[in-house]
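Visitor: I have a protein model open and would like to learn how to read it. Please take me through it step by step.

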Amino acid sequence: MNFFMPTQLISGHGAVLSCEERIASFGKKCLLVTSGTAATRSGALKDVTEILNRNGIAYQIYDRILPNPTVASCIDAGQIGTSFGAEFVIGIGGGSPLDAAKVVAVSIANPSATEATLYAQRWVNPPVPVILVGTTAGTGSEVTPTAVLTNGERRKASITGPALFAALSIGDPRYTETMSLKGSASTGMDALCHCVESFLSKTATPVSRGAAVEGIRMLVPQLERIAQGIIPSPEEREILYDGSILGGLAICVTGTLAPHSFGYFLTEQYDIPHGFACAFFLPALLEHVSSVDPALCAALEERTGIFIGRLLALTDSILPDCRLELQDEQIAALLPRWDPSNKNLRKTPGCFDAAVTERFLRSVFHPI
């Protein structure tokens, strides 16, 4: 068994302010990477900049990170950071700014980096240090060595490697209190998918399954309340955030499975938020694993105390009401995208051949 997660994680109310001395130790010039909305609305940007100002740390703000961030935007931010002489990067926001910040740090240290060299991880210099400040309870990016970016072909693909671990991650659940109910539902379902997929993964370990089990126990009751239209209380926000971190720790070991790979397509083509996009394929995953390895699903139920039917009911109640349709020939044309070399499919239990892929697609795209 091997577990490697070198990021220092500090969470809880007032976490950012409690890390002032640690933040100030990273250097005298900083590039802040944000989306320009959540960082400000949540109060996280204000808390961070006050620390930087008190400690005489010069900074520039790059606030042009959009949902499903592009590699081009990371390179753009990196060039600004290089010109400014940034010694470290602080990413503030949900999964998009946090993922982007990791790659911006690489780009700052390697000004000639291109999309091709970034994806191939052919860079010479190690990235400058990264601090991540989360404002959503979903992606777990705070504790993973992964950045999911949109490439020049408008396809989502990940860059993963030890160099992308943050030096410091800070999570104050108060920052999630300004999230909408829909945003809370989508990010929460992303975290739940992380936990379920990791537990079922062929590469699961006792450590990853322990994190996944506890994450599922924490997330499901809160998501059921959100599905009923109940806005989480501050205490429930903290449970959701902690659950998302546990999901991040789980996929730090295993990565994700088929729902994430298929979910990228829904986000690319239909602009469906990432968490919902993955959750659309969660029932198909549970049905598939129940068929090829029923003992594994039974273990999931036994260890979490949550039956598969409850997960299916939650997914059905929380997903947005939309009907996605593709013709038979359109589904057939999509099959090559998910060939046997796809790492997410290789980790999914059973033999994930073209027939299984087609069943997953048909579970969401009801052919006319």
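Visitor: What radius of gyration would a compact globule with 368 residues have, and what does the chain have?

Guide: The radius of gyration is taken over C-alpha atoms, and the globule rule is 2.2 Å times the number of residues to the power 0.38. For 368 residues, that rule gives a value near 21 Å; the chain has 20 Å, which agrees. Along the principal axes, the C-alpha atoms fill a box of roughly 60 × 45 × 40 Å.

Visitor: Where do these values come from?

Guide: This is a predicted model: local features need pLDDT of at least 70, side-chain atom pairs count only at pLDDT 80 or more, and totals for chains, interfaces and linings use all residues. Residues are numbered from 1 along each chain as its sequence is written, and side-chain values use heavy atoms, with hydrogens and water left out.

Visitor: How many helices and strands does the chain have?

Guide: Helices (H or I, at least four residues) and strands (E, at least two) are DSSP runs, numbered from the N terminus. Here there are 18 helices and eight strands.

Visitor: What share of contacts joins residues at least 24 apart?

Guide: Contact means heavy atoms within 4.5 Å. Take the contacts between residues at least 6 apart in sequence: 80% of them join residues at least 24 apart.

Visitor: What percentage of the residues is buried?

Guide: Buried means under 20% relative accessible area, exposed over 50%, and partly exposed in between (1.4 Å probe, protein chains only). In this chain, 57% of the 368 residues are buried.

Visitor: How many salt bridges does the structure have?

Guide: Side chains of opposite charge can pair when their charged atoms come close. A salt bridge is a side-chain nitrogen of Lys or Arg within 4 Å of a carboxyl oxygen of Asp or Glu. The whole structure has 10 salt bridges.

Visitor: Where do E50 and K46 lie?

Guide: Both are in helix α4 (residues 44-54), four residues apart, about one turn of the helix. E50 is partly exposed at 29%, while K46 is exposed at 52%.

Visitor: What do the side chains of D76 and R64 form?

Guide: They meet in a salt bridge, at 3.0 Å from N to O. This pair links distant parts of the chain, 12 residues apart: D76 is in helix α5 (residues 71-84), and R64 is in the loop between β3 (58-62) and α5. D76 is partly exposed at 28%, and R64 is partly exposed at 45%.

Visitor: Is D172 buried or exposed?

Guide: D172 is buried, at 0%. Its salt-bridge partner R174, at 2.7 Å from N to O, is partly exposed at 34%. Elsewhere, salt bridges that share partners join D328, E358 and R362 into one network.
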